[in-house]
Amino acid sequence: MIPKQTWESVFVFCMAYTCALIFVMSGCRSPRMEPSINLVSDGIPGARIVIAAKATCSAQLAAAELQYHVQKITGAMLPVVSDAEPVEGTRILVGESDATRALGIKIEDLKSQEYMIRFLPDTLILLGKDAP
């Protein structure tokens, strides 16, 4: 059985990801900015969800939830891949991985229960720290 605190962490983590997804899918942007992240176009996946080769349970669940909700909204299923595979084009980095560390983003930089949603050209980063 998974402790209640762990489920609460996973829930908050998934909710943060869902909010980021809604933001991206709704096309929210500044009037002077053009959208730079294409997740789906005409029902065709335009991005991949990237997790660590040895992703945490929270990151795996968040990636699955993100994939599920994108498919429900758009009809397109974004593939979930390991950061051990080369990824070209738009990517959604879920949880800490070699890919996030290569961008200088480390889980140690976050406080317990703190989450990061960051947009870079062709990259959406969704990262959270579950443990103290």
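In the protein chain, residues 24 or more positions apart account for 62% of the contacts with a separation of 6 or more, a contact being heavy atoms within 4.5 Å. The model is predicted, so local features need pLDDT of at least 70 and side-chain atom pairs count only at pLDDT 80 or more, while totals for chains, interfaces and linings use all residues. Residues are numbered from 1 along each chain as its sequence is written, and side-chain values use heavy atoms, with hydrogens and water left out.

The protein chain has three helices and seven strands, which follow the pattern α-β-β-β-α-β-β-α-β-β along the sequence. Helices (H or I, at least four residues) and strands (E, at least two) are DSSP runs numbered from the N terminus. Of the 132 residues, 38% count as buried; buried means under 20% relative accessible area, exposed over 50%, and partly exposed in between (1.4 Å probe, protein chains only).

In soluble globular proteins, nonpolar side chains tend to be buried together. A nonpolar core is defined here as a set of buried Ala, Val, Leu, Ile, Met, Phe, Trp, Tyr and Cys residues joined through side-chain atoms within 4.5 Å. The largest nonpolar core has 19 residues, of which Ile49, Leu66, Ile92 and Val94 touch the most other members. Strand E3 (47-51), H2, strand E5 (90-94) and E7 each supply at least two residues of this core, and the largest share, five residues, comes from H2. Apart from this core lies another, of ten residues, among them Val81, Ile107, Met116 and Leu127.

The second largest pocket has a volume of about 220 Å³. On a 1 Å grid over the protein atoms alone, a pocket is an open set of points where a 1.4 Å probe fits, with protein on both sides within 12 Å along at least five of seven lines; lining residues have an atom within 4 Å of a point. Grid points are joined across faces, edges and corners, and the volume is the space filled by probe spheres set on the points. Of the 17 lining residues, Thr56, Gly95, Glu96, Ile107 and Gly128 are the closest to the centre of this pocket. Helix H2 (57-74) and strand E7 (123-128) each supply at least two residues of the lining. The lining divides into seven nonpolar, five polar and five charged residues. Ala, Val, Leu, Ile, Met, Phe, Trp, Tyr, Cys and Pro count as nonpolar, Asp, Glu, Lys and Arg as charged, and the others, Gly among them, as polar.

Arg101 is in helix H3 and is partly exposed, at 37% relative accessibility. Not counting residues up to four places away in sequence, Arg101 touches Glu96 and Lys106. The side chain of Arg101 also makes a polar contact with that of Asp98 (2.7 Å). A polar contact is a pair of N or O atoms within 3.5 Å; within protein, one must be able to donate a hydrogen and the other to accept it, and residues adjacent in sequence count only if both atoms are side-chain atoms.

Ile105, in the loop between H3 and E6, counts as buried because its relative accessibility is 4%. Leaving aside neighbours within four places in sequence, Ile105 is in contact with Thr100, Met116, Arg118, Ile125 and Leu127.

Most residues other than glycine have a negative phi. Gln113, in the loop between helix H3 (98-102) and strand E6 (115-120), has a positive phi near 70°. Asp122, in the loop between E6 and E7, has a positive phi of about 60°.
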